[in-house]
Amino acid sequence: TPHDDATWNSADPMYVLFMDLDTIIAKDPRPYFTGEYDFWAADAMNDWSGPYNAGLLAMRPTPASVSCIQRWRTFMEKQVKAKYNQKTFNNIVRRMNDTITHRLLDKTEFPVGRVLLDLDEASLNEGTLGKDLVVLHNNYCGTGCSKPDRARKVGLWKDDPPI
C-alpha cells in the first residue's frame, strides 16, 4: 500500500524508472516507491538471477545507485551478447553489500511473468492478476507462449497498435 511520507516526488526529473519493453503498467507506480532507498525492484522469483527483477527498477539519484548503474553498464558493454543483465545487476548489488539500500516490491502489486507461467494457460483471464496489480513484467514466456496473447488473456492488452 502506498504511503504519503517520503513518497517519490513526481515533479523531480532526476528519478529514473528503468523498464524492459515487456513491462506493462496498469496503475501509476510512483506512490509505491516510498522510503529512503537507493532503488526499488520487483521480486525476480528466481534464485539463479535474483532476487531483483531488472524488468522494473526505480532509482533515486544517489551516489550508490549511480555507482551501481555505472558498474552494470560497464560490465554489459563488454559483453559480445547482452545476456544475463538481471543476474549481473544482482551480482553488483551483492558486491556493493551495505553501501546500497534497496527494497523488494510486493509480488501481488508488482508480479513477474513467472506468476502466470506457474498457472494453467487455459485458466488465465482478466481476474487472474487481481485488482491490486500495479505493474507486470510479462517475462517468463516459454516455448509456444505469446506475450501479447498472454497479456490479452489477463486483460492488459486491449487493441493492437496501428502500423
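Visitor: Is strand E3 (residues 39-43) largely enclosed or left open, and why?
Guide: Keep in mind that this is a predicted model. In it, E3 is largely enclosed by the rest of the structure, because five of its five residues are buried. Buried here means under 20% relative accessible area.

Visitor: OK, and how many bridges join E3 to strand E4?
Guide: Five bridges do, and the two strands run antiparallel. E4 covers residues 52-59.

Visitor: What about E3 and strand E5, parallel or antiparallel?
Guide: Those two pair in the parallel sense, over three bridges. E5 is residues 102-104, and its Leu104 stands opposite Ala41.

Visitor: What holds paired strands together, in general?
Guide: Strands of a sheet pair through backbone hydrogen bonds, either parallel or antiparallel.

Visitor: So in what order do the strands of the sheet come?
Guide: The order is E1-E4-E3-E5, four strands in an open sheet with mixed pairing. At the edges you find strand E1 (16-19) and E5. Each of these has a single partner strand, so one side of each is left without a neighbour in the sheet. From one strand to the next, the twist averages 25°.

Visitor: Which way do E1 and E4 run?
Guide: Antiparallel, with four bridges joining them. Leu17 has Ala58 of E4 as its bridge partner.

Visitor: Let's switch to helices. At what angle do H1 and H2 pack?
Guide: About 135°, with the axes 10 Å apart. H1 spans residues 63-77 and H2 spans residues 85-96. With that angle, H1 is oblique to H2. The crossing of H1 past H2 is right-handed.

Visitor: Which residues make the contact?
Guide: From H1 they are Ala64, Ser67, Cys68, Arg71, Trp72, Phe75 and Met76. H2 brings in Asn85, Thr88, Phe89, Ile92, Val93 and Met96. Sorted by class, the contact of H1 with H2 has nine nonpolar, three polar and one charged residues.

Visitor: Last one. Where does Gly142 lie?
Guide: In the loop between strand E6 (135-137) and helix H4 (147-153).

Visitor: What does Gly142 count as, buried or exposed or partly exposed?
Guide: Partly exposed, because its relative accessibility is 36%.

Visitor: How is Gly142 placed relative to Lys153?
Guide: Their C-alpha atoms are separated by 16 Å, and the two are eleven residues apart along the chain.

Key
Residues are numbered from 1 along each chain as its sequence is written. This is a predicted model: local features need pLDDT of at least 70, side-chain atom pairs count only at pLDDT 80 or more; totals for chains, interfaces and linings use all residues. Side-chain values use heavy atoms; hydrogens and water are left out. Buried means under 20% relative accessible area, exposed over 50%, partly exposed in between (1.4 Å probe, protein chains only). Two strands pair if DSSP finds at least two bridges between them. Axes are lines fitted to C-alpha atoms, for helices over the stretch in contact, and angles run from 0 to 180 degrees between N-to-C directions. Angles under 35 degrees count as roughly parallel, over 145 as roughly antiparallel, 65 to 115 as roughly perpendicular and the rest as oblique. A crossing is left-handed if the near helix is turned anticlockwise from the far one by less than a right angle, and right-handed if clockwise. Contact means heavy atoms within 4.5 Å. Ala, Val, Leu, Ile, Met, Phe, Trp, Tyr, Cys and Pro count as nonpolar, Asp, Glu, Lys and Arg as charged, and the others, Gly among them, as polar.
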